[in-house]
Amino acid sequence: MSITVSTTPQPIDDFDLWIAGFTQPTVLIELGALALCIALASGLTWLLRRSLVMQDEKTSVLFGRHLVDGVMFPLLLLTLGYIARALLTQTVPLAVFKVAIPVLVSLVVIRVGVKVLQVAFASAPWVKVLERTISWLAWLAMVLWVSGLLPVVLNELDQIQWKIGASTISLRTMIEGALTAGAVLILSLWVSSAIERRLLRKAVGGDLSLRKAVSNATRALLMFLGLILALSAVGIDLTALSVLGGAIGVGIGFGLQKLAANYVSGFVILAERSMRIGDNVKVDGFEGRITDINARYTVIRSTTGRESIVPNEILITNRVENLSLADGRLWQSTVVSVAYNSDVELVSRLLMESAMAHQRVLIEPAPSVALSAFGADGLEFTLGYWIADPENGTLNIRSLINRSVLQALRAHRIEIPYPQRVLHIQPRAAAEVAPIPPASDS
């Protein structure tokens, strides 16, 4: 006895016969088999999630945030559903699985599209709209598939044709081409996101920048190859794109040269590692820490929370102060004035102790205190110190040290002088000042 397993669910040709099938006792067998498939798929997903240590992996396409959130659960359920349908098709008339299999196929398509877009474009505002579009298209295709109307609709779409040059294009060909291109691009995004996540995992400093460059290049290459494969699958002659390629080259040479320069500069920055993610830099008076280096621009975040988006060409052609290229430590100083009759040694010791009292101040190199100037109002001391984490803020540590210095000076009754100005009046000038007459009573 030979068993033939169909790879696609059969359409419902007779709705009355199909609805009558739900009144048969064999429906309970199908429901039991479907429930068993769901239980097995849940158990296998839980075991794979646990064995691969993916419980805390929130950006995984296969497993997602929860047990049934990723692609793995509906994919296993679809596989078990095909197996169960193959085993039941020779013994009982199918009714439940005629709908269950298309529903599971649509669910897999939706989960793959949605999860890949969420991982590849986490912060893009248009992702939600694209997710809904994929869901509606998948469920519409499922309804047409189950009802047997899909071949009819495709045949009608094939009749809508128009001629472009020597080629004849139908509406069906355009829709199939768009769907094929979308599927190939989603697959390319999935592969590139997996490569990027593996490359950037536990990478810091210069290694992070180099891996970011490799990741960006890999994604661009996969997207390009995916688009070429999609166009070839639809039947578009790629030699016709040579004219378009020439036009794009001319456009880059004239109108898009700035954009091309930014992209090239981005890859140069990532490759030579003159600036890395996490470095503290100063560009055009804006100082902050590099949080991201993209192909076209670099994001710099200041300690006040503001972010500056700097085109990569500026970072290549202009002067940039990198405060972390050779050493991640940062030197700060604060100036304190005390009265001229103060004990210089005591003030120096108090300033040193005030700086050493804070954990963010480095012991090596140690803080330094210098009598830097004889000011107009008092002695000026400069307290200098080093910190290793400027990304955590520089004004806050300066404020804490100033408060400690003020508290120490007040505790030892060391005077912080007020600005004093002496006004000298010459006697002759004073005599020339006419007295103000008293007010009259009348």
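In which loop is the place of Arg413? I found Arg413 in the loop between α13 and α14 (427-431), and I noted that its phi is positive, about 55°, although Arg413 is not a glycine. At 78% relative accessibility Arg413 counts as exposed, a word I use for over 50% relative accessible area, with buried for under 20% and partly exposed in between (1.4 Å probe, protein chains only).

Before going on I wrote down that this is a predicted model, in which local features need pLDDT of at least 70 and side-chain atom pairs count only at pLDDT 80 or more, while totals for chains, interfaces and linings use all residues. Residues are numbered from 1 along each chain as its sequence is written, and side-chain values use heavy atoms, with hydrogens and water left out.

**Other backbone entries**

I looked up Asp284 in the loop between β3 (280-283) and β4 (286-293); Asp284 is not a glycine, yet its phi is positive at about 50°, and its relative accessible area of 65% makes it exposed. I also recorded a cis peptide bond between Glu364 and Pro365, with omega about -5°, and placed Pro365 in the loop between α12 and β9 (368-374). Most residues other than glycine have a negative phi, and most peptide bonds are trans.

**Whole chain**

I read 14 helices and ten strands in the protein chain, where helices (H or I, at least four residues) and strands (E, at least two) are DSSP runs numbered from the N terminus. Of its 442 residues, 33% count as buried.

**Helix pairs**

I then followed helix α3 (residues 72-88) against helix α4 (residues 97-120), which pack at an angle of about 160° with their axes 9 Å apart. That makes α3 roughly antiparallel to α4, since angles over 145 degrees count as roughly antiparallel, under 35 as roughly parallel, 65 to 115 as roughly perpendicular and the rest as oblique. Residues in contact (heavy atoms within 4.5 Å) include Leu75 and Tyr82 in α3 and Phe97 and Arg111 in α4. I noted that the residues of this contact divide into 13 nonpolar, one polar and two charged.

For helix α12 (residues 344-356) and helix α13 (residues 395-411), I noted axes that come within 9 Å and cross at roughly 140°, which makes α12 oblique to α13. Nonpolar here covers Ala, Val, Leu, Ile, Met, Phe, Trp, Tyr, Cys and Pro, charged covers Asp, Glu, Lys and Arg, and the others, Gly among them, count as polar.

Note on methods
Axes are lines fitted to C-alpha atoms, for helices over the stretch in contact, and angles run from 0 to 180 degrees between N-to-C directions.
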